[in-house]
Amino acid sequence: MTEIILAIMGVCLLLYVILGGADFGGGILELITGGKDSGVVAKAIAPVWEANHVWLILVVVILFVAFPPVYSVILTTLHIPVLLALIGIVLRGSAFTFRHYDIEEERPMAIYTAVFRISSLLTTFFLGVTMGAIILGEITNDYTQGFYRVFIHPWSNFFSFSLGVFLVVLFAFLANIYTIGELHDPMHVNRFTRWAKYLILALVTEGLVVFLAAEVDGLHLFSAFYHSPVSMICVALATLALPLLWTGLKRHSRNLLRIVAGFQTTMIVLGWFAIQLPVLVRMSNGDDITYQSSAAPPQVQYYMLIALVVGVLIIFPYVGYLYKTFKFSQNTSPDQIKKA
Amino acid sequence: MFNRQVKLLKTKRREMDELLAARYQMGVSLGFHIIFACIGMVMPWFMFVAEWKWLRTNNPVYLDLAKAWAKGVAIFFAVGAVSGTVLSFELGLLWPTFMKHAGPIFGLPFSWEGTAFFVEAIAIGLFLYGWNRLNKRVHLYNGLVVGIAGVLSGIFVISANSWMNNPTGFDWVNGQAENIDPVKAMFNGSWFPQAHHMVIAAFSATGFAVAGVHAILYLRNRLDIHAKAIRIALGFAAVAAIIQPLSGDHIAKNVADTQPAKLAAFESLFETTTSAPLLIGGIPDVEKREVKHGIELPGFLSFLAYGDFNTEVKGLEAFPEDEWPPVPIVHYSFQIMVAIGTFLALLGVIFLLGYYKWKHWLEKRWWLKLLVIAMPLGFLAVEAGWIVTEVGRQPWIIYGIMKTKDSLTPMPGIQYTLYLITVVYLLLSFIVVWLLGRQIKMLHTKYIQS
């Protein structure tokens, strides 16, 4: 039963990375491309970003109901990066909505846009830093050890920062792939295709940097991968899919691009799960918190599972309908998108 | 020796400051979120009615109204959603020990809330952006889905909060929860009274706020759209405001039963008294344990709390002083809430009389001016009510089980995060109000030109 709840949490996290990631990436992409033709990104995510966001809330709820010590230790020791990410989430969502609904006047629009872009970047970065700290294993629950050691050191290191950057590049890449599918003007398509290529290169490079940073900080990711066949297969498949992505870019095939990018992201996340589990939070004294050791009593899990299964049965078809309405049934011209 | 004592005192003061800062931060975050949550929960019902009327009457004014409201709702819903996300983390950022123990017990309603909120977020996406993409009926029903999911989601969150006031469904053994029964915890004895009190309050507060905004505009410019808007908003709000005192009576009896110290703080009742008087207004003096300048209605507190004029009501002195909530804040907030509730119920009665009998009342300036005065009052009462519930539970975070100070995060410097959160939320509040003003201005220029 614990495994099923864990799996549902994993799926929610994965969907947050893919769908929410593309939303965050929209802001990052605007930032790095200077935001010409930015309207397309914004209009594509407007109807769905709030729903995409709920995946994160589900992860948090599952965490504090089913694995309460994990929730408690993460939010205690990683208070600072989590708070920064949260402020980013608030500013980003608000600025995005204000930009969408306010009267088109130059000055306020410029401010909303700037806030939206910068907070997209910072939120993603700090989410990545938080994840990095959970993986790295410098977290301590001996709170007498001094402020720096307890509240800064666990996340302030090469590995966590490099994972933050990796997440930024990944989200920008996802957003780029989504956006290409929404574009019609060949000039824009060319621009974004060029950017997609840069981003793929950056992603592969940054992936290597993450591994190197892990070695520097004393986490042996290379050998962990080497010893986990599932991870190796995942990484291999993600890499093998790269030529397909290239083909997709050349042919400007929207569906192929989206499927391959989604597949690669899934593989990266699965590969991470495979080396991370059964540990949920790695601790500095080696007393890691696993999903078994932190699981809530069975009757709690039982009732949560009922709620989750009913939830999934309602949510999945409805989300599908939402996407069908706004994303895939778009044989529409950009004009119509603007009108909506 | 002396130095050590000073140092001890200093640490103790620092701890108090941190605790206070954390409580303020929670208060600011909840107080901010609740307004957006209420609007996100209630406005979809208004929009639903407006759109439904448009489909029935074909009068385009109703469609304009629904669309104008939709723009406002989009802004409120987005800010409500992100500030709600913050809360789900903030509980752990500020009170990790509480969440570690309480998470599994009161988590069930949160699990259901997750689904309900998800449905709400999807439906609102379809509703706000689907005007041209969906069939009219489908669009209308999506509005209804938003409304229902919003109310459900509110009720689930309330259930979690009511458990903190009335913790059931577990045994507390040596500082650990055992034999957890999540279903019993979810349907604890305070769940129902708190749920109906809050849902009704949301309809009343939002309805009067919307009616007030349109009353200002209607006073300036007698456009039909505003008259219709006021009628829809007050149709909900008047009924809600009129039944709210009954709901309040139910919840007061529940508090008397489950949290007698809180009830005593409502009324600043220091001594245990038979046929206790109901106190209206008054300035409590905790040191001297007396209340100045209040009006006393003999026996009425006994009657309201237990249904009998002679029953004994426990005073604060029946409890150790370190388990008293901060009396003046709770007392004043309670008085403000009740006074506003009474006033709004009165307005509700006037509206219904006007609607069914003396139609010309609703066009009078005095009536519209009353609505303008009432505009912020409903939300003021909601805030006061939450202060009553939350501050009234202090010093407990789980009533009778865990003290708030024992669940505080060990992370120092909470006052800085408090400043940060306060500044962000103040800024957002200003922008939202300013944006709304711009929206309304835009609507007006469009209407007057055409």
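Predicted model: local features only at pLDDT ≥ 70, side-chain atom pairs only at ≥ 80, totals over all residues.
When neighbours within four places in sequence are left aside, B:Phe46 is in contact with B:Trp69, B:Val210, B:Ile232 and B:Ala233.

The contact between the two chains comes next. On one side stand 55 residues of chain B, which are in contact with 56 residues of chain A. Four helices of chain B, namely α2 (60–94), α3 (96–129), α5 (182–186) and α13 (414–449), each supply at least two residues of the side that touches chain A. Of the elements of chain B, α3(B) gives the most to this side, with 21 residues. Sorted by class, the residues on the side of chain B that touches chain A are 36 nonpolar, 14 polar and 5 charged.

Within chain A, two helices can be followed as a pair. Two packed helices are described by the angle between their axes and the distance between the axes. For helix α1 (residues 2–33) of chain A and α8(A), the axes come within 6 Å and cross at roughly 90 degrees. The contact of α1(A) with α8(A) has 14 nonpolar residues and 5 polar ones, and no charged residues.

Helix α8 of chain A also holds A:Val165, which counts as partly exposed because it has 18 C-beta neighbours inside 10 Å. Between A:Val165 and A:Gly286 there are 121 residues of separation in sequence, and their C-alpha atoms are 27 Å apart in space.

Another helix of chain A, α9 (residues 186–216), has 31 residues and reaches 45 Å from its first C-alpha to its last, which is close to the 45 Å expected at 1.5 Å a residue. Buried residues in α9(A) include A:Phe192, A:Leu199, A:Ile200 and A:Val210. The buried residues of α9(A) pack against α8 (158–182), α10 (221–226) and α12 (242–251) of chain A, and just after α9(A) comes A:Gly218, which takes a positive phi of about 85 degrees.

| Peptide bond | Form | Omega |
|---|---|---|
| A:Leu277 to A:Pro278 | cis | near 5 degrees |
| B:Gln394 to B:Pro395 | cis | near 5 degrees |

The place of A:Pro278 is in the loop between α13 (254–276) and β1 (279–281) of chain A, while B:Pro395 is found in the loop between α12 (377–393) and β9 (396–398) of chain B.

Chain B also has residues other than glycine with a positive phi. B:Asn179 has a phi near 50 degrees and is placed in the loop between β2 (176–178) and α5 of chain B. B:Asn179 is exposed because 12 other C-beta atoms lie within 10 Å. B:Ser268 likewise has a positive phi, of about 50 degrees, although it is not a glycine, and B:Ser268 is found in the loop between α8 (260–266) and β3 (273–274) of chain B. Because B:Ser268 has 25 C-beta neighbours inside 10 Å, it counts as buried.

Key
Residues numbered from 1 in each chain as written. Chains lettered and ligands numbered in written order. Contact = placed C-beta atoms within 7 Å. Nonpolar A, V, L, I, M, F, W, Y, C, P; charged D, E, K, R; others polar. Expected span 1.5 Å × (residues − 1). Buried ≥ 20, exposed ≤ 12 C-beta atoms within 10 Å, placed from the backbone. Axes fitted to C-alpha atoms, helices over the stretch in contact; angles between N-to-C directions.
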